[in-house]
Amino acid sequence: MQKSNAWKDSSAAGAALALLAAFGFSLKAIFVKLAYPYGVDAITLLALRMGFSLPVFLWIGLAEQRAGASLSGGDWGRLILLGCFGYYGASILDFWGLEYISAGLERLILFTYPTLTILIGVLFQGRAFTKREGIALVLCYCGIGFAFMHDLGLNEARDVWLGGALVFGSSVSYAIYLSGSAPMIGRLGAMRFTALASLVSSAVTLLHFAAAHPLTAFIQPLPVYGWGLAMALFATIIPVFAQSAAIRRLGAGRSSLFSMVGPLLTIGFGWWLLAEHISLAQTAGAALVVVGILIVSRR
C-alpha cells in the first residue's frame, strides 16, 4: 500500500509538472508574435531568449557537474546531439514558422510531437503501445484536426503550408530530443541533463547568430528585450526544468500527452493578447483534446 501511494504521489507530481511546462511553452508563441512587429528576426530573437537563459543554465550545469560523476565521451556526444535537436533545432524552425502562421495554428501543428515521441518509442526503443494511449491520441488529434481546418481557411494557403512545414519540422526535432532525453535523464538526473543540454543549445544558437549577423543586431527596441526576457524566464527556464522532471516521473511519451493542453492555452492567449479569432470548430477541437488528456491521465 505504501509503495502504491508513493507511486501515485510521483505520478500526480509528474502530471502537475507536465502541465506547468505546457503552460510555459504555450506562452512562447505569444511572446514571439508580440516581439515581431518591432522588426526583430527569428535568429536574433532566439539568441536573446537563449542569452538571457544562459546564466541560469550555466549556474545549474556547473553545480550539477561538480556533484555528479564524470561524463564519458559518448555521454557528451549524446548531449551535443540532443542539444542541437532540442532547444536550438526545434526552436529556430518554430520561430521561422511563426513568421507565416498564427500562434494558435503553430501550437496545434507543433503538438504532433507527442504522437511522434510515442512512435519513436514503439519503433526504435521497444516500447509497448497501450490501448489507452491509442484512444487518447485519436481523440486529441481529431480535436487538433478540427482547429487546423478552421485556421487554414483564414490565411493565405502558401503561408500556411510553408509555416506549417517549418513548425512540423520543429515537432520532429523536439520529438527526437524527448525520446533521447529519457534514458539520459535516468543516467544523469533531470536537472543536470537539462542544464547541460540547454547549454549546448544556447551555444549553438549564439554561434548561428554570430555567423548570420553582426553584434550590432543585438541593438533592438526596448520592448524586444522585455519579450525576450519574459520568454527566457516563463517560456524557457521554468518549463524546461518542469518538463525534464515530468519525464523522469512519467516517461517521455506519457508526459508529452499531458502537455497537449498547450494548444488550448495558446489559442486562449492568442484570442486574449493577439486578437486571434476563436471558432466553434476550435472549441469542439479543444473539448476533444481535454477528453483525451483526461483519459490518459487515469491509471
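What follows is a chat about salt bridges and helix packing in a predicted model.

Biologist: Let's start with charges. How many salt bridges are there in this predicted model?

Modeller: The count comes to three.

Biologist: OK, which residue does Lys28 pair with?

Modeller: Lys28 meets Asp94, side chain to side chain, with 2.5 Å from N to O. That pair links distant parts of the chain: Lys28 sits in helix α1 (residues 2–35) and Asp94 in helix α3 (residues 73–97), 66 residues apart.

Biologist: And are Asp94 and Lys28 buried or exposed?

Modeller: Both Asp94 and Lys28 are buried.

Biologist: What about Asp75, which residue does it bridge to at 3.1 Å?

Modeller: That's Arg78, with 3.1 Å between the closest N and O atoms. Asp75 and Arg78 are separated by about one helical turn, because they are three residues apart in helix α3.

Biologist: Why does a spacing of three matter in a helix?

Modeller: An α-helix has 3.6 residues a turn, so residues three or four places apart point the same way.

Biologist: Which residue is Asp75 bridged to at 2.6 Å?

Modeller: Arg187, where the closest N and O atoms are 2.6 Å apart. Here the link is between distant parts of the chain, with Asp75 in helix α3 and Arg187 in helix α7 (residues 157–188), 112 residues apart.

Biologist: So which residues make up the network of salt bridges?

Modeller: Asp75, Arg78 and Arg187 are linked in it.

Biologist: Why do you call Asp75 buried?

Modeller: Asp75 has a relative accessible area of 2%, and buried means under 20%.

Biologist: Switching to packing. How do you describe two packed helices?

Modeller: By the angle between their axes and the distance between the axes.

Biologist: Then at what angle do α4 and α7 cross?

Modeller: Roughly 45°, and the axes of α7 and helix α4 (residues 103–110) come within 8 Å. The two helices are therefore oblique to each other, and their crossing is right-handed.

Biologist: Which residues of α4 meet α7?

Modeller: On the α4 side they are Leu105, Glu106, Ile109 and Leu110. Across from them, α7 brings in Val160, Gly164, Val167, Phe168, Ser170 and Ser171. Sorted by class, the contact of α4 with α7 has six nonpolar, three polar and one charged residues.

Biologist: What about α5 against α7, what's the angle there?

Modeller: Helix α5 (residues 113–124) packs against α7 at about 45°, and their axes are 8 Å apart. Again, α5 and α7 are therefore oblique to each other, with a right-handed crossing. From α5, the contact uses Tyr113, Leu116, Thr117 and Ile120. The α7 residues include Phe168, Ser171, Val172, Tyr174 and Ala175.

Biologist: How many of those contact residues are charged?

Modeller: The contact of α5 with α7 has no charged residues; it divides into nine nonpolar and three polar.

Biologist: Last topic, helix α11. Which residues are buried there?

Modeller: In α11 (residues 262–274), the buried ones are Gly262, Pro263, Leu264, Thr266, Ile267, Phe269 and Gly270.

Biologist: And which residue follows α11?

Modeller: Ala275, and its phi is positive, near 60°.

Notes: Residues numbered from 1 in each chain as written. Predicted model: local features only at pLDDT ≥ 70, side-chain atom pairs only at ≥ 80, totals over all residues. Heavy atoms only, no water. Salt bridge = Lys/Arg side-chain N within 4 Å of Asp/Glu carboxyl O. Helix = DSSP H or I, 4+ residues; strand = E, 2+ residues; numbered from the N terminus. Buried < 20%, exposed > 50% of the residue type's maximum accessible area, 1.4 Å probe, protein only. Axes fitted to C-alpha atoms, helices over the stretch in contact; angles between N-to-C directions. Parallel < 35°, antiparallel > 145°, perpendicular 65-115°, else oblique. Left-handed = near helix turned anticlockwise from the far one by under 90°. Contact = heavy atoms within 4.5 Å. Nonpolar A, V, L, I, M, F, W, Y, C, P; charged D, E, K, R; others polar.
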